[in-house]
Amino acid sequence: MVFYDIKSINGYSPVGSKRLEQVLPVNQTAHGIFVPRQTLKNILQTTGRLPVCQAVLMQISTIIVNKADYAAFSRQFQQCGYIEVQPAGSRNDLYVSLPLDQTKDWDTNSPFVFPDLAGIKHLKHDNNTDLVRIPEHNDTTILIFPRLWWYGYSADINGYSLPVVADNSGSLVQVSVPPHLHGMLTLSYFPVTWRYLWFLPMLALIGLMTLLFNNRRQNKLV
């Protein structure tokens with residue numbers, strides 16, 4: 001959902017993220033308020049060869065928009081599937097939403113799939129993992145996950161590694177599945193730096209125990 005005068009969309013804030021700021025430009029203040037018309041221009045357009053708007057890929061179901069801005073982008077709203085729902089109180093704003101049948105799977109953060117693939121099933125979503133069952137198919141299948149892309153994502157099907165890249169906007173996670181490859185797709189987030197940091201708490205604990213032991217010995221000697 002996009003609100004005017006707030007600083008995040010679906011929990012993602014462009015403040016501090018140069019990639020996301022390319023899609024959701026903000027005024028350079030501590031609060032990072034969205035630049036309305038540039039933001040609408042960016043999210044109400046298709047990217048690459050996918051027949052879907054960036055707002056849909058980001059799973060933005062409802063936009064609260066100033067009436068003047070809605071008039072300026074009414075054609076783009078309609079092309080992306082958004083419809084005017086109702087006035088938003090006394091602020092001269094409008095609620096503009098996608099039909100409910102288009103967002104029915106969004107509560108599980110299901111990826112966008114192109115081309116449409118019958119039998120695909122999203123089984124799990126948590127902070128660092130998605131599981132998707134991929135049926136047999138004859139064409140390259142693209143999955144775009146509503147996750148902010150960053151270094152550290154990996155994907156595989158039955159142990160076969162798949163490329164994970166940023167989508168055309170540079171902000172979301174995209175995985176391409178080659179033809180005839182099917183099975184359980186696992187998308188995981190585990191940055192390289194985590195491999196070198198996991199043992200630091202253990203080292204700190206060992207250091208603390210050593211310090212306490214040495215202090216105890218010194219106290220006994222005194």
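Biologist: How many bridges join β5 to strand β6, and in which sense do they run?

Modeller: There are 4 bridges between β5 and β6, and the two strands run antiparallel. Keep in mind that this is a predicted model. Strand β6 covers residues 129–134.

Biologist: Which sheet do these strands belong to, and what is its strand order?

Modeller: An open sheet of 5 strands. Read the order as β5-β6-β12-β8-β9, with antiparallel pairing.

Biologist: Which strands stand at the edges of that sheet?

Modeller: Look for strands with a single partner. Here they are β5 and β9, the latter at residues 160–162. Each has a single partner strand, so one side of each has no neighbour in the sheet. On average, neighbouring strands are turned by 20 degrees against each other, direction ignored.

Biologist: In what order do β1, β2 and β3 form a sheet?

Modeller: These 3 strands make an open sheet, ordered β1-β3-β2. The pairing is antiparallel. The edge strands are β1, at 62–66, and β2, at 83–87, and each pairs on one side only. From one strand to the next, the twist averages 35 degrees.

Biologist: Over how many bridges do β2 and β3 pair?

Modeller: Over 4 bridges, in the antiparallel sense. Strand β3 spans residues 93–97.

Biologist: Now the chain as a whole. How many helices and strands does the chain have?

Modeller: The secondary structure comes to 7 helices and 12 strands. The chain has 222 residues, and 40% of them are buried. It exposes about 13,000 Å², with carbon and sulfur atoms supplying 56% of that area.

Biologist: What share of the contacts joins residues at least 24 apart?

Modeller: Take the contacts between residues at least 6 apart in sequence. Of these, 57% join residues at least 24 apart.

Biologist: Which cysteines form a disulfide?

Modeller: First the general idea. A disulfide is a covalent bond between the sulfur atoms of two cysteines. To spot one, check the sulfur atoms: a pair within 2.5 Å counts. By this rule the chain has 1 disulfide. Cys53 and Cys80 form it, with their sulfur atoms 1.9 Å apart.

Biologist: Where do Cys53 and Cys80 lie in the chain?

Modeller: In distant parts of the chain, 27 residues apart. Cys53 is in the loop between α2 (36–43) and α3 (54–57). Cys80 is in the loop between α5 (74–79) and β2.

Biologist: Are Cys53 and Cys80 buried or exposed?

Modeller: Both Cys53 and Cys80 are buried. Their link is left-handed, with -85 degrees about the S-S bond.

Biologist: Which residues have the most contacts inside the largest nonpolar core?

Modeller: Ile43, Phe77 and Tyr82, in a core of 31 residues. Several elements give two or more residues to this core, including α1 (18–23), β1 and β7 (141–148). The largest share comes from α3, with 3 residues. Take Tyr82 as an example. Leaving out residues up to four places away in sequence, Tyr82 touches residues including Leu44, Ile63, Phe77 and Val96. Another core lies apart from the largest one. That other core has 19 residues, among them Leu143, Leu162, Val173 and Tyr189.

Biologist: What kind of peptide bond joins Phe114 and Pro115?

Modeller: Most residues other than glycine have a negative phi, and most peptide bonds are trans. The bond between Phe114 and Pro115 is cis, with omega at about -10 degrees. Pro115 lies in the loop between β4 (112–114) and β5 (121–125).

Biologist: What is the phi of Asn109?

Modeller: Near 60 degrees, a positive value in a residue other than glycine. Asn109 sits in the loop between β3 and β4. Its relative accessibility is 25%, so Asn109 counts as partly exposed.

Biologist: And what is the phi of His180?

Modeller: Near 70 degrees, again positive in a residue other than glycine. His180 is in the loop between β11 (172–177) and β12 (183–189). The cut-off for exposed is over 50%. His180 has 57% relative accessibility, so His180 counts as exposed.

Terms used. Residues are numbered from 1 along each chain as its sequence is written. This is a predicted model: local features need pLDDT of at least 70, side-chain atom pairs count only at pLDDT 80 or more; totals for chains, interfaces and linings use all residues. Side-chain values use heavy atoms; hydrogens and water are left out. Two strands pair if DSSP finds at least two bridges between them. Axes are lines fitted to C-alpha atoms, for helices over the stretch in contact, and angles run from 0 to 180 degrees between N-to-C directions. Buried means under 20% relative accessible area, exposed over 50%, partly exposed in between (1.4 Å probe, protein chains only). Contact means heavy atoms within 4.5 Å. Accessible areas come from the Shrake-Rupley method with a 1.4 Å probe; for residues, only the protein chains shown count as cover. A nonpolar core is a set of buried Ala, Val, Leu, Ile, Met, Phe, Trp, Tyr and Cys residues joined through side-chain atoms within 4.5 Å.
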